[in-house]
Protein chains: 2
Amino acid sequence: MMSRNSRYTILVHGGTVSGPEAVTEDRLHFIKYVVETGRQRLAAGAAALDAVVEAIVSMEDSGLFDAGKGSYFNRDGFVENDAALADGHTGRAGAAALLRRLKNPIRAARLVMERTDHVMLAGATGEQVLIDLGAELITNPSAYFTPTTTASVMPDLSGTVGAVALDTDGRLAAATSTGGTRHKLPGRVSDSAIIGAGTFANRSCAVSATGKGEYFIRRSAAADIALRAAYAGMSLQQSADYVVRELIGRQDSAMGAVIALGLDGKPVISANGYGVLHGHAADTAGVCTGARIAT
Amino acid sequence: MMSRNSRYTILVHGGTVSGPEAVTEDRLHFIKYVVETGRQRLAAGAAALDAVVEAIVSMEDSGLFDAGKGSYFNRDGFVENDAALADGHTGRAGAAALLRRLKNPIRAARLVMERTDHVMLAGATGEQVLIDLGAELITNPSAYFTPTTTASVMPDLSGTVGAVALDTDGRLAAATSTGGTRHKLPGRVSDSAIIGAGTFANRSCAVSATGKGEYFIRRSAAADIALRAAYAGMSLQQSADYVVRELIGRQDSAMGAVIALGLDGKPVISANGYGVLHGHAADTAGVCTGARIAT
């Protein structure tokens, strides 16, 4: 029996996890809420792009992940946030990096895509342009960003957040947001903000990654997953598994995971370590959340 | 008769050109000097990575291109420089973006690769880290960067510079440097600084792009050229032509060009407009420079 394709699906991740101790109930519950809300939006006809942006905004605001409010501090004790999104249907994309004063980095990335001729703005000069375009400021960054329980208790947890969605019009979108690695150097740009590395979408698939971002940049991992599936006759799941497990995992010895969706709406999740916090919801199935990937 | 593969090759570009009026003798002569010098270095056993970095340093210092000293000013009247390099043999890469005070952006990108755990540093905070690592400062940026003849006389000229090389040990490397588009928004990051967009290398090929960078970012163009050749049974020239002419050119209506090298050392040049300033030299042939591509 062939399984029916999903008419809409949302799939989110909340970062790789190195072991069961990092799979906390509050995060899994929050992911469940995010994907259930995303499903309702998609059922009501929302665009995939809107669904992934709203999912990421919730996770940025939650303080539960290494993104937005919950971001890790860098070596010098301040937060620099990165985010990107890609609209597979139009081929457009937006990215914002090294933000220090904006509440929702993913909305900043959307401003870049929709209100400028550019794909990526970064640094203090880019942030000022985004503020001039109306990005929401954090009134008091030093009160907003506080060392999180996450950061002190679970130093290995990479809590980057990402979302991919397929909407009822067959459009795909991807979005990713992160505070980057703990104690990173000031000015370090993560793969999350780099189209083709941690975030990618075209008319056939949407991809969001998490893990040791430097390896995803070197290998253009998100683009590789999409293009390998397109050119090498692999399924999207096979392509994701090859890049995440064989290249990033075995060859690079680096932890990583991705989520992806193709036009069939079937959730693709691949991780090379203990797993990745994730959840998904579609018109064909209930809400599913977890951390380990059944293989 | 089969042509003998080159044991070493260097291929550089100096940006797309919209017509014959942009093909100036001073630029072509300088490119000839750069590739001749590069050939001598490679003949003496230099690594591909060193050859491309030194080629780019010369072009940054020349003031003849939109990179380093000759960079375009942005909307607010200052220079923000971007550069990246990729070492195909090791898989390592480095990128630096939005530099305002460093003499050679490509050396800054190399510092990121060799002296940090990261791939990309950007903005004022990243530049400070690079200064702390010993990057050479411009003493007086407002005297060093002056509005160039290029910018005023030829507004459409994109003079991004790039180099790819194959060395006698069979290693490939790519490097790209740019001042970005004229009157760009402050904080705009170009494809040149994004691994997989304007700069890419692996064990099979090395790619450097120029043109309307936003389209190269959206399509992960440099990675697409490399991966399409690897997976889709195309030659590197066919893959470059498809991405540059069909995708960037016809579908996106954007001007662009790439240079690339595979392990056979055969120069791959593709452009969708009038052409791209370029030059190459190898052990098997003399120094060749030009702007239009014979097709």
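1. Asp169(A) counts as exposed in this predicted model, because its relative accessibility of 57% lies over the 50% cut-off. Its salt-bridge partner is Arg171(A), with the closest N and O atoms 3.3 Å apart, and Arg171(A) is partly exposed at a relative accessible area of 24%. Elsewhere, Asp50(A), Arg110(A) and Glu114(A) are joined into one network by salt bridges that share partners.

2. Over all chains the count comes to 30 salt bridges. One of them pairs Lys103(A) with Asp61(A), the closest N and O atoms being 3.2 Å apart; this pair links distant parts of the chain, since Lys103(A) sits in the loop between β3 and α3 of chain A and Asp61(A) in helix α2, 42 residues apart. Lys103(A) is partly exposed at 21% relative accessibility, and Asp61(A) is partly exposed at 30%.

3. The largest nonpolar core has 103 residues, and those with the most contacts inside it include Met120(A), Val189(A) and Val189(B). Val189(B) touches residues of chain A, namely Met120(A) and Ala122(A), as well as residues of chain B, among them Leu98(B), Met120(B) and Ile217(B).

4. Ser192(A), in the loop between β6 and β7 of chain A, is buried at 2% relative accessibility, and its contacts include Ala83(A), Thr160(A) and Thr178(A). His280(B), in strand β11 of chain B, is buried at 16% and is in contact with residues including Ile10(B), Val35(B), Pro267(B) and Cys288(B).

Key:
Residues numbered from 1 in each chain as written. Chains lettered and ligands numbered in written order. Predicted model: local features only at pLDDT ≥ 70, side-chain atom pairs only at ≥ 80, totals over all residues. Heavy atoms only, no water. Helix = DSSP H or I, 4+ residues; strand = E, 2+ residues; numbered from the N terminus. Buried < 20%, exposed > 50% of the residue type's maximum accessible area, 1.4 Å probe, protein only. Contact = heavy atoms within 4.5 Å. Core = buried A, V, L, I, M, F, W, Y, C linked by side-chain atoms within 4.5 Å. Salt bridge = Lys/Arg side-chain N within 4 Å of Asp/Glu carboxyl O. Lists of a residue's contacts leave out its neighbours within four places in sequence.
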